[in-house]
Amino acid sequence: MDINEIMALLPHRYPMLLVDRVLDVTKGERISGYKNVSINENIFNGHFPGTPILPGVIILEAMAQISGVLGFFSSGLKVDDGMLYLFAGVDKVRFKLPVVPGDQLLLSSEVISVKRNIWRFSTTAKVGDKLASEAVLLCAYRYRDNIELLILR
């Protein structure tokens, strides 16, 4: 999938769209893709001056977004259907390697389970063949209109 196909599935846009390309996807099973890490990203102005390192939460978000692409693709849903894919939980997070400008972050996600609108994914982020991060993510589909109801509770 190129960036236009990704943007048809995910509601994220610059500066929060963190998946540049999908390399391989098997409906309901797994996905792989990447994020190119550039010194031009604004986050590096403050994290850290003179020693730029991609924040772990950004890596975690990239793993969630590749999982979101897999979930939307598997469900046959698109961003125009009014759905959002939200974090419901994060387990077993590990950061093993600093990710720096010039790296290509290879993202992968596999479906562990699906119960109604709740999906559990096993995710990794690698630089080359080295593991940078791993996590088990729990995500839920919600209609955009229902988000306001959740906030008002």
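Author: In this predicted model, strand β2 (residues 30-36) pairs with strand β4 (residues 104-115) in the antiparallel sense, over seven bridges. Within this pairing, S32 has S108 of β4 as its bridge partner. Strand β4 is also joined to β5, again antiparallel, by 10 bridges; here S113 is bridged to R120 in β5. The two strands β4 and β5 make a hairpin with two residues between them, and R116 in the turn has a positive phi of about 55°.

The aromatic residues may be considered next. Six aromatic pairs are counted. In one of them, the ring centres of W119 and F121 are 5.8 Å apart and the planes lie at 15°; because planes under 30 degrees apart count as stacked, this pair is stacked. Both partners are buried: W119 has a relative accessibility of 6%, and F121 has a relative accessible area of 0%, where buried means under 20%.

W119 takes part in a further aromatic pair, with Y141, which is edge-to-face at 6.1 Å centre to centre and 85° between the planes. Since W119 belongs to strand β5 (residues 118-127) and Y141 to strand β6 (residues 130-143), this pair ties together parts that are 22 residues apart in sequence. Y141, like W119, is buried. W119, F121 and Y141 are among the members of one aromatic cluster, which also includes F72 and Y85.

Note on methods: Residues numbered from 1 in each chain as written. Predicted model: local features only at pLDDT ≥ 70, side-chain atom pairs only at ≥ 80, totals over all residues. Heavy atoms only, no water. Phe/Tyr/Trp six-rings, centres within 6.5 Å; stacked < 30°, edge-to-face > 60°. Buried < 20%, exposed > 50% of the residue type's maximum accessible area, 1.4 Å probe, protein only. Helix = DSSP H or I, 4+ residues; strand = E, 2+ residues; numbered from the N terminus. Pairing = 2+ DSSP bridges.
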